[in-house]
Amino acid sequence: MRTSLRPFPSTSQRAATILARFATAACLAATFVACGPPPEPAKPPESAEERAEKSKIEDAKKLMEKADEAYNAKDFDEARKLLGQAKDLNVESLSYQINEQLEKVDKRHAKLWANEIEPSLKDGDCKGAFGEIAGPMRDLESEVFVRELRRLIGAQALACVQSRIDEATTGGKYASARALVSAEDTKTVLGGAAQKKLVSEVDTTIFEAKKAELEEPLKAKRWADALAKIDEAQKNGDIGDEGAKGLLGVVRAAITPEIAGMAARAVGQGREAPKALEDVDKLIKLARWEIMGPDMAPVAKDKAAPEVVAKKRQALAVWVEAQRVKMKPGKKAEKRWAHGKIAVLPAAKSDAPSKRDLAAATEVWVLGQTKDLALVTDVDPAGASLDVQLERAVGWAPLARLAPKNTTDWIPPDDQLVGTRVWAPLRQGEANLELGIVSAVKGQDVTVKRLADDKEIQVKRGTLRLGRLQTGAKLVAFCQAKTQIVTLEEILPDQRTVKLVCEGGLRKDEVLPGLRARPEDLPAPK
């Protein structure tokens with residue numbers, strides 16, 4: 001085997017090789033740099049909007065720095081002004097910091113004010129202290145400032161007010177106490193809820209004191225003196241409208257049984273009754289009441305006399321009127337029925353216009369009568385005392401229109417007869433009666449318009465029967481190919497048709513013009 005040997009390189013050859021390698025590495029490095037990731041593109045120039053936003057931020061920060069300087073110098077108004085300007089720049093990223101800074105200003109300012117007015121509160125000068133601080137609390141319009149100040153001085157301010165109230169009420173200076181607690185400055189400093197509670201407590205204390213002052217004149221029945229005390233207290237500012245109203249209620253509660261008893265006792269008396277009525281009316285007026293009807297009394301509760309006073313006064317007034325017209329009381333109330341609609345005259349003034357009507361056939365009881373009139377009530381007065389009977393009197397009714405029998409089926413009086421539906425003999429030679437409407441009355445001659453054809457027929461008044469239809473009534477109608485006696489079972493909603501039951505149970509509908517009636521089957525007229 002032959003071995004080939006390479007010649008060993010010389011020193012100069014090795015140096016050349018090393019230099020070549022260094023050159024190659026340098027070349028590769030240069031190539032790598034040239035062929036690496038491209039450099040980032042140059043940023044575009046800032047827009048006008050961006051420059052403006054940066055300027056706002058810088059301006060806001062400068063204002064905040066100045067505000068902080070003003071805060072440290074205790075120039076809180078200037079600090080608020082600067083922070084307000086910073087806030088108006090609407091830099092969203094700084095809004096939280098600005099609000100925090102404002103809150104810090106308000107709290108420290110509140111602390112300064114608390115220290116300022118503390119001596120006045122300790123000296124009991126609530127009004128002076130409140131007068132100093134109420135203005136800033138309103139003007140600054142800062143919830144933080146108000147809340148912090150109330151936290152710092154609230155308990156001391158309340159104690160000061162309560163102390164002044166106790167002194168004023170104990171000394172009878174009620175107006176001063178009310179003025180202090182109701183002042184707008186007090187409300188501003190203490191807050192609405194706290195002030196409202198104080199006002200209520202003060203008003204209650206004063207009311208009870210003033211109520212106690214009424215006990216003596218009320219016990220002695222010096223009603224005018226009691227009312228004068230209320231007026232004076234209100235005039236002096238010791239009580240307000242609600243307090244005066246409450247005290248008036250105390251007087252009214254005491255005077256109510258006095259008026260009611262005075263009126264009740266005078267009923268049945270002779271010459272003394274009119275004078276008693278005058279005295280009752282004076283007391284009612286003194287109590288600042290008015291006598292109102294039952295429809296108005298619930299609406300005007302503050303003015304309307306209570307029901308017991310109104311009723312007893314009415315009974316006495318009716319008794320006085322009964323004496324004036326020389327009414328003869330009945331030994332026992334007699335029952336009567338109204339014949340037709342009756343306009344009744346007022347019970348307490350029989351010569352006044354009528355304000356109420358009695359419907360036809362209304363049941364009434366006669367309490368007494370004159371030659372032409374009867375004093376009536378629509379409530380059975382059996383067992384009731386005279387004053388209670390007179391309370392229930394509805395008025396004076398003409399005796400001629402009060403019947404001793406039920407008038408439900410009676411023909412109305414002549415002045416109310418026109419327009420009434422009646423049964424009448426409206427066909428010559430026919431005994432049965434037919435329905436029609438009265439159109440004219442002249443003495444005993446009555447003109448009736450027949451429902452069947454509107455023909456007017458003149459008949460005598462005595463032949464008429466009231467055309468009131470009642471279930472169960474016996475009538476005459478055409479049934480099963482012949483005229484029969486039928487029973488009226490139902491009046492249909494149209495009021496022009498009825499349901500009849502014929503012989504054998506057959507039912508049929510019939511209009512009113514087709515009905516007939518035998519005179520003997522109808523209620524007898526008056």
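Residues are numbered from 1 along each chain as its sequence is written, and side-chain values use heavy atoms, leaving out hydrogens and water.

**Exercise 1.** Determine where pLDDT stays under 50.

*Solution.* Begin with the chain: pLDDT, the predictor's confidence in each residue from 0 to 100, averages 89, and 91% of the residues score at least 70. Where pLDDT is low, the predicted coordinates should not be read in detail.

**Exercise 2.** Identify the residues with the most contacts inside the largest nonpolar core.

*Solution.* A nonpolar core is a set of buried (under 20% relative accessible area, 1.4 Å probe, protein chains only) Ala, Val, Leu, Ile, Met, Phe, Trp, Tyr and Cys residues joined through side-chain atoms within 4.5 Å. The largest has 71 residues, and Phe 130, Leu 149, Val 161, Leu 316 and Leu 375 have the most contacts inside it. Beyond four places in sequence, Leu 316 contacts residues including Ala 263, Val 267 and Leu 277. Apart from this core lies another of 17 residues, among them Leu 433 and Cys 479.

**Exercise 3.** Describe the surroundings of Gln 101.

*Solution.* Gln 101 belongs to helix α4 (residues 95-122), a DSSP run of H or I with at least four residues, numbered from the N terminus. Its relative accessible area is 12%, so Gln 101 is buried. The Gln 101 side chain reaches the backbone oxygen of Met 64 at 3.0 Å. Beyond four places in sequence, Gln 101 touches Met 64, Ala 67, Asp 68 and Leu 83.

Terms used:
Predicted model: local features only at pLDDT ≥ 70, side-chain atom pairs only at ≥ 80, totals over all residues. Buried < 20%, exposed > 50% of the residue type's maximum accessible area, 1.4 Å probe, protein only. Contact = heavy atoms within 4.5 Å. Helix = DSSP H or I, 4+ residues; strand = E, 2+ residues; numbered from the N terminus. Polar contact = N/O pair within 3.5 Å; in protein donor to acceptor, adjacent residues only side chain to side chain.
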